[in-house]
Amino acid sequence: MAAVARRLGVAPSTLRTWDRRYGLGPSRHTDGKHRRYCAADIGRLELMQRALLRGASTAEAARYALQQMPKSFGAAPEIAAQPLPPPAEQLSAAQNGAAARRLRAAAVALDGRAVQQTLDDAIGSAGVLDAWEGVIAPVLDACGAGWPGAPAGVEVQAMLSECVLAAVVRATPVLDHPRNQRPVLLSRVPDEQDALSLHVLAAGLAARRIGSQLFGLPLPGPALSAAVRRSSPAAVVLWADRAGNADPELFPEVSRGGLRSRLFAAGPGWRAPELPDRVEQLSGLRTAADRIEYVLVGK
C-alpha cells in the first residue's frame with residue numbers, strides 16, 4: 001500500500017478511507033488475508049484523483065471513477081510502473097551537433113542576433129524540450145565548465161543565458177483553453193538562483209496545452225504558501241538545483257489546510273529519502289512534463 005500511496009501522492013490512511021467508504025480498494029487476493037492492487041484498481045484511483053484535482057468532492061470523484069471503470073472491469077495483472085509515452089521525434093545527433101556548434105560560436109562572438117536565430121531555429125524544428133536536451137543544455141554546460149581554446153568568460157555565459165530565457169519565453173504560448181482546469185504552480189525554492197529550467201518546463205507543458213503559473217523569483221516560504229492557498233493549483237512543483245537549498249519542510253508548509261494539490265520535487269537538489277510521503281520526485285524536465293501531464297489529464 002505504501003508504494004501505491006507514494007505513486008498517487010496521498011497518505012496510506014487516505015487509501016484505506018477510500019477503500020472503506022467508496023469501495024476503491026485492492027481487489028487482487030493473495031495467500032492469507034492480504035489483498036494487492038492491480039492495474040484496474042490503480043486506474044480507478046487515478047481517475048478519482050484527476051476528478052479531485054478538477055474540484056469534485058471526494059464522493060463525486062469516487063462515483064465518477066467507478067462509473068468509468070466499474071469493479072467488474074475484469075481481472076488485470078498486478079500493478080507495474082506505467083511506461084512513459086515515447087518522446088516526440090527528435091533532431092538527429094548530427095543536426096543537434098551542428099546547431100550546438102553554431103550556438104557556441106555565436107555565443108563566443110557575443111553575437112546576440114545569431115544566438116537568438118540559432119535558438120529559434122532549434123526550438124522551431126524540434127520543440128523546447130528536444131532543443132533543450134539536444135542543443136541548449138549541452139552548450140550551457142560546456143560554457144559553465146569553460147571551453148578549451150575559446151574565451152568563455154562570464155559575459156559569454158550571461159549573454160547566452162539571457163538569450164535562452166528570451167527564446168524559451170517566446171516559445172511559450174498563452175493558452176486560451178488549457179486542458180487542466182486548475183494550474184500547475186512552478187516555483188524554485190528560496191535561495192535558488194536559476195529559474196531557466198522552470199521556464200523550459202513551463203514551455204514544455206504549454207506545448208501539451210497544460211497551463212501553469214510560474215514564479216521566476218524565488219519566494220520565501222510564507223509567500224509561497226500564500227500563493228498556493230490563493231491559486232489552489234492542481235499541482236505544485238518546487239525546483240532545486242542545489243541540495244543546500246532543498247528544504248523538504250517546504251512541502252508541509254505549502255500544503256497546509258487540506259489543499260488538494262499534487263506535490264512534486266524537481267531538480268537535482270532533492271534527495272528522495274528526505275521527502276515527505278506525499279511528495280513525488282521528478283527526474284529530468286521531459287520526465288517531469290510527461291508525469292505532470294499524465295497525473296492531470298491522463299495522456
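A residue is taken as buried when its relative accessible area is under 20%. By this criterion, strand β3 is mostly covered in the predicted model, with five of its five residues buried.

At the level of the whole chain, the secondary structure amounts to 12 helices and seven strands. Of the 299 residues, 46% count as buried. The accessible surface comes to about 14700 Å², and carbon and sulfur atoms account for 53% of that area. Among contacts between residues at least 6 apart in sequence, 73% join residues at least 24 apart.

Strand β3 belongs to an open sheet of five strands, ordered β4-β3-β5-β6-β7 and paired in parallel. The edges of this sheet are formed by β4 (212–215) and β7, each of which pairs on one side only. From one strand to the next, the twist averages 20 degrees. Helix α10 (residues 221–231) packs on the sheet, where it touches β3, β4 and β5, and the direction of α10 makes about 170 degrees with that of β3.

The pairing can be followed strand by strand. Between β3 and β4, four bridges are found in the parallel sense, and Val184 has Ser212 of β4 as its bridge partner. Strand β3 (residues 184–188) also pairs with β5 (residues 235–239), again in parallel, over five bridges. Here Arg188 stands opposite Trp239 of β5. Strand β5 is in turn joined to β6 by five bridges, the two strands running parallel, and Val237 lies opposite Phe264 of β6. Finally, four bridges link β6 to the parallel strand β7, with Ala266 placed opposite Leu282 of β7.

Strand β6 is likewise mostly covered, since five of its five residues are buried. Cover is present on both faces of β6: Arg262, Phe264 and Ala266 are buried on one side, and Leu263 and Ala265 are buried on the other.

Ser255 lies in the loop between α11 and β6 and, at 16% relative accessibility, counts as buried. When residues up to four places away in sequence are not counted, Ser255 touches Leu263 and Arg278. Arg256 is found in the loop between α11 and β6 as well, but Arg256 is exposed, with a relative accessible area of 61%. The C-alpha atom of Arg256 is separated by 8.6 Å from that of Arg229, a residue 27 places away along the chain.

One aromatic pair is present in the structure. Its members are Phe251 and Trp270, whose rings adopt a tilted arrangement, with 5.2 Å from centre to centre and 55 degrees between the planes. Phe251 is located in helix α11 (residues 250–254) and Trp270 in the loop between β6 (262–266) and β7 (279–282), so the pair ties together parts that are 19 residues apart in sequence. Both partners fall below the threshold for burial: Phe251 counts as buried at 0% relative accessibility, and Trp270 counts as buried at 2%.

The buried residues of α12 are Leu285, Arg286, Ala288, Ala289, Asp290, Arg291, Ile292, Glu293, Val295, Leu296 and Val297. Just after α12, Gly298 takes a positive phi of about 80 degrees.

Terms used:
Residues are numbered from 1 along each chain as its sequence is written. This is a predicted model: local features need pLDDT of at least 70, side-chain atom pairs count only at pLDDT 80 or more; totals for chains, interfaces and linings use all residues. Side-chain values use heavy atoms; hydrogens and water are left out. Buried means under 20% relative accessible area, exposed over 50%, partly exposed in between (1.4 Å probe, protein chains only). Rings of Phe, Tyr and Trp (its six-membered ring) pair if their centres lie within 6.5 Å; planes under 30 degrees apart count as stacked, over 60 as edge-to-face and the rest as tilted. Two strands pair if DSSP finds at least two bridges between them. Axes are lines fitted to C-alpha atoms, for helices over the stretch in contact, and angles run from 0 to 180 degrees between N-to-C directions. Contact means heavy atoms within 4.5 Å. Accessible areas come from the Shrake-Rupley method with a 1.4 Å probe; for residues, only the protein chains shown count as cover.
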